[in-house]
Amino acid sequence: YSTPTSSIYDCPGYSLPTEAEWEYAYRAGTVTANYRSDLGTCTNANKSTNHIGWYKHNSGKTTHAVGLMQANRWGLYDMAGNVWEWCHDEHKEMLGKGSVTNPVNEPSKLASNRIIRGGGYMAEPAFLRAAQRQNTNPTIPRYNIGFRCVRRIRFYDEFSKDLGWTTSSAQQIHRDDGPDH
């Protein structure tokens with residue numbers, strides 16, 4: 001938990017990802033509705049959804065061990081489905097369309113609603129989309145929400161510079177998945 005006067009980027013070590021970081025990791029360089037392909041329609045499951053995450057139509061109404069579905073391009077498993085994942089950000093209803101850089105919504109109080117991403121084992125396929133966002137109160141226990149830690153690093157070494165990595169490229173979030181949202 002960050003105080004209103006601190007920034008998540010000042011925290012050493014591990015933390016929850018910001019909403020922007022979570023989506024960047026989920027997408028892993030893709031621009032489609034999910035990291036394998038487009039979902040087609042949001043109301044129907046398709047073959048790609050069945051391969052990337054556990055959700056209402058394939059989970060058997062239970063969670064599953066991590067790593068049983070296909071990873072995204074960066075080797076991250078279970079970014080879609082299984083359990084929702086907490087993000088650091090406080091919920092704000094409208095973020096707008098298009099790309100924005102680092103839209104961190106620092107929590108104003110402990111009980112404020114926080115963003116959850118990724119969908120869960122009882123979710124419809126539409127909730128597995130990269131841009132799908134929900135919110136809930138972190139003080140209320142939930143059986144279908146987990147977390148993924150990120151490690152704070154700075155991209156200053158020569159290898160990172162050669163790849164063109166910057167701290168802002170890892171904090172960009174995209175709001176428009178196209179016509180299926």
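## Salt bridges across a predicted protein model

The protein has an accessible surface of about 9700 Å², and 55% of that surface belongs to carbon and sulfur atoms; accessible areas come from the Shrake-Rupley method with a 1.4 Å probe, and for residues only the protein chains shown count as cover. This is a predicted model, in which local features need pLDDT of at least 70, side-chain atom pairs count only at pLDDT 80 or more, and totals for chains, interfaces and linings use all residues. Residues are numbered from 1 along each chain as its sequence is written, and side-chain values use heavy atoms, with hydrogens and water left out.

**Overall layout**

- The protein contains three helices and eight strands; helices (H or I, at least four residues) and strands (E, at least two) are DSSP runs, numbered from the N terminus.
- Starting at the N terminus, the order of elements is β-α-α-β-β-β-β-β-β-α-β.
- Of the 181 residues in the protein, 41% are buried, where buried means under 20% relative accessible area, exposed means over 50%, and partly exposed lies in between (1.4 Å probe, protein chains only).
- Among contacts with a separation of 6 or more, 71% are between residues 24 or more positions apart; a contact means heavy atoms within 4.5 Å.

- The structure has six salt bridges, each being a side-chain nitrogen of Lys or Arg within 4 Å of a carboxyl oxygen of Asp or Glu.
- One of them joins Arg 133 and Glu 19, with 2.6 Å from N to O.
- Arg 133 sits in the loop between strand 4 (114-117) and strand 5 (134-136) and Glu 19 in helix 1 (residues 19-27), so this pair ties together parts 114 residues apart in sequence.
- Arg 133 is buried at 16% relative accessible area, and Glu 19 is buried at 2%.
- Another salt bridge pairs Arg 117 with Glu 23, whose closest N and O atoms are 2.7 Å apart.
- Because Arg 117 lies in strand 4 and Glu 23 in helix 1, the pair ties together parts that are 94 residues apart in sequence.
- Both Arg 117 and Glu 23 are buried.

**A salt bridge between two loops**

- Glu 124 and Lys 56 form a salt bridge with their closest N and O atoms 2.8 Å apart.
- This pair links distant parts of the chain, 68 residues apart: Glu 124 is in the loop between strand 4 and strand 5, and Lys 56 is in the loop between helix 2 (47-52) and strand 2 (84-90).
- Glu 124 is partly exposed, at 28% relative accessible area, and Lys 56 is partly exposed at 40%.
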